[in-house]
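Have the viewer open as you read.

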Amino acid sequence: MAERTPHLLVLSGWAGVVETALSLGFDVSFIGNTADFTPHDMDVLDSCRYVRRIPAEQTVACLEAARHIHAGHPLDASISFGEFGMESSAVIADALGIRGIPLASVAATRYKDRMRDILAAHPQLALGWARVASAEGLEKFHAHHGLPLIVKPVAGSGSVGVRQITTPGELRAALDDAPFWLRGPYLAEELIEGDELYSVETVTLDGRHAIAGISLCRLARHPNVAITEITVPPPAPYDRHTPHISRTVQAFLDAIGHTWGLTHTEVKVAPDGRPVVIESQTRIGGYRIFRLVEHTGGVDEITTVLRSLLPGGESVRSPHLPPPTAVGMVVSLIPPPKRVRRTADAELLRGIDGVEDFEVDIRPGEVPLPVAANTKRPGLIWLHVPDHAAAERTKQEIARTYWIEFEDGDVWHPSF
């Protein structure tokens, strides 16, 4: 008797995940919003057994749809690699008793107070924190921990709603900001200062954690917490922290009970040299970090995890900290918020050695919005180069090639 083709439910994300799953031999069903899908994406969905156009963050509606799909053609696994489908995917897998991202690790990473509570039992991973719902709560936390500190939404990502507080004046402004407290509750934490953040991408199979790649992320100047540049792997001297960061993230994943799937974890190094987990998500990293990891170290995170769901998948393994063979980078274009008269043709960027791709959304007559969170940028440019020295040369060529002239006559060139 022929073995049944495994049936995979994909929630949200992009059609490329469905395409990969189909190419591996899965029978695929899809739940998610398709409003931004291209004609090619819709053609890919035509090969799915079932398609339900439901926003993947609507967990109850997705669970109901998944039950109907499961009744008609039993599902073997549920997966989401993007921001909006993680929670629904884990709930569906748990409710139907099929393979998927562990509910425990999704709950621990989606809700930051829960994560801090779990880590409080592990001194090497702990950080001072409190759940605060009012100015009085923040005042109490400050009285115990002092400055600097950071306040962030209990749930969410992309640095939206995050507030760094490093001075008495910033503390007073936060305490007096009545609209801010109406959007609570928040998590108050000790702030690990510094403009460097490390992003750690992992593949966990059967409880074994492999570090697929580590990147150095540059942060905008205080008080803006947005990331402006990502480099895989970190250049010297920042690479000296890599072994300690790797061990810390593995210990963190053990602490939250993560046993299968991808994670994207952000780490800062404290003044005493201790890596501190800032936050983590059971998904791939944004800004195509997973592609940078693949191009520099050879680990295809998505394909590796999907292969582990196929018959015989227990033999699939992922290399731990593979030696890099190239450097990947993404840099941001962050012009001043002034009205644009004209710009260089962005297509000129394609002619620069080392530029792999770009997204530039800066148009004459518009005012580029200031970057205040890791959600939308006026421009992003991806680099794939042999080494860090070549990356610097490519950045300099970008700065010479691309420019913006504003209505006031100023001409801006990017500086990295």
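## The antiparallel sheet

In this predicted model, Thr343 has Ile404 of S19 as its bridge partner. The strands involved are S16 and strand S19 (residues 404–406), which pair in the antiparallel sense over three bridges. They belong to an open sheet of three strands, ordered S16-S19-S20, with antiparallel pairing. Strand S16 (340–343) and strand S20 (411–412) are at the edges with a single partner strand each, so one side of each has no neighbour in the sheet.

## The parallel sheet

Another open sheet has five strands in the order S3-S2-S1-S4-S5, and here the pairing is parallel. Its edge strands, strand S3 (51–52) and strand S5 (99–100), each pair on one side only. Further in, strand S1 (residues 7–11) pairs with strand S2 (residues 27–31) in the parallel sense, over five bridges. If you want a place to start tracing that pairing, take His7, whose bridge partner in S2 is Asp27.

Helix H3 (residues 59–72) packs on this sheet and touches S1, S2 and S3. The direction of H3 makes about 155 degrees with that of S2.

Thr34 sits in the loop between S2 and helix H2 (39–45). Is Thr34 buried or exposed? Its relative accessibility is 11%, so Thr34 counts as buried, the cut-off being under 20%.

Leaving aside residues up to four places away in sequence, Thr34 touches Met42, Leu45 and Arg53. With Arg53 there is also a polar contact, side chain to side chain, at 3.3 Å.

## Two helix pairs

Packed helices can be described by the angle between their axes and the distance between the axes. Helix H7 (residues 135–145) and helix H8 (residues 168–175) pack at about 155 degrees, their axes 9 Å apart. That angle makes H7 roughly antiparallel to H8, since angles over 145 degrees count that way. H7 contributes Ala135, Leu138, Glu139 and His142 to the contact, while H8 contributes Leu171, Arg172, Ala174 and Leu175. Of these, Arg172 in helix H8 has 42% relative accessibility and therefore counts as partly exposed. The C-alpha atoms of Arg172 and Glu139 are separated by 9.4 Å, with the two residues 33 residues apart along the chain.

How do helix H5 (residues 103–110) and helix H6 (residues 112–119) pack, and at what angle? The angle is about 105 degrees, and the axes are 5 Å apart. H5 and H6 are therefore roughly perpendicular to each other, because that class runs from 65 to 115 degrees. On the H5 side, Ala107, Ala108 and Arg110 meet Lys112, Arg114, Met115 and Ile118 in H6.

## Helix H13

At the N-terminal end, Asp387 caps H13, with a side-chain oxygen 3.3 Å from the backbone nitrogen of Ala389.

Which residues of H13 are buried? They are Ala390, Ala391, Thr394, Lys395, Ile398, Ala399 and Thr401. Their cover includes four strands you can pick out in the viewer: strand S12 (227–232), strand S15 (327–333), strand S17 (355–360) and strand S18 (379–385).

Key
Residues are numbered from 1 along each chain as its sequence is written. This is a predicted model: local features need pLDDT of at least 70, side-chain atom pairs count only at pLDDT 80 or more; totals for chains, interfaces and linings use all residues. Side-chain values use heavy atoms; hydrogens and water are left out. Buried means under 20% relative accessible area, exposed over 50%, partly exposed in between (1.4 Å probe, protein chains only). Helices (H or I, at least four residues) and strands (E, at least two) are DSSP runs, numbered from the N terminus. Contact means heavy atoms within 4.5 Å. A polar contact is a pair of N or O atoms within 3.5 Å; within protein, one must be able to donate a hydrogen and the other to accept it, and residues adjacent in sequence count only if both atoms are side-chain atoms. Two strands pair if DSSP finds at least two bridges between them. Axes are lines fitted to C-alpha atoms, for helices over the stretch in contact, and angles run from 0 to 180 degrees between N-to-C directions. Angles under 35 degrees count as roughly parallel, over 145 as roughly antiparallel, 65 to 115 as roughly perpendicular and the rest as oblique.
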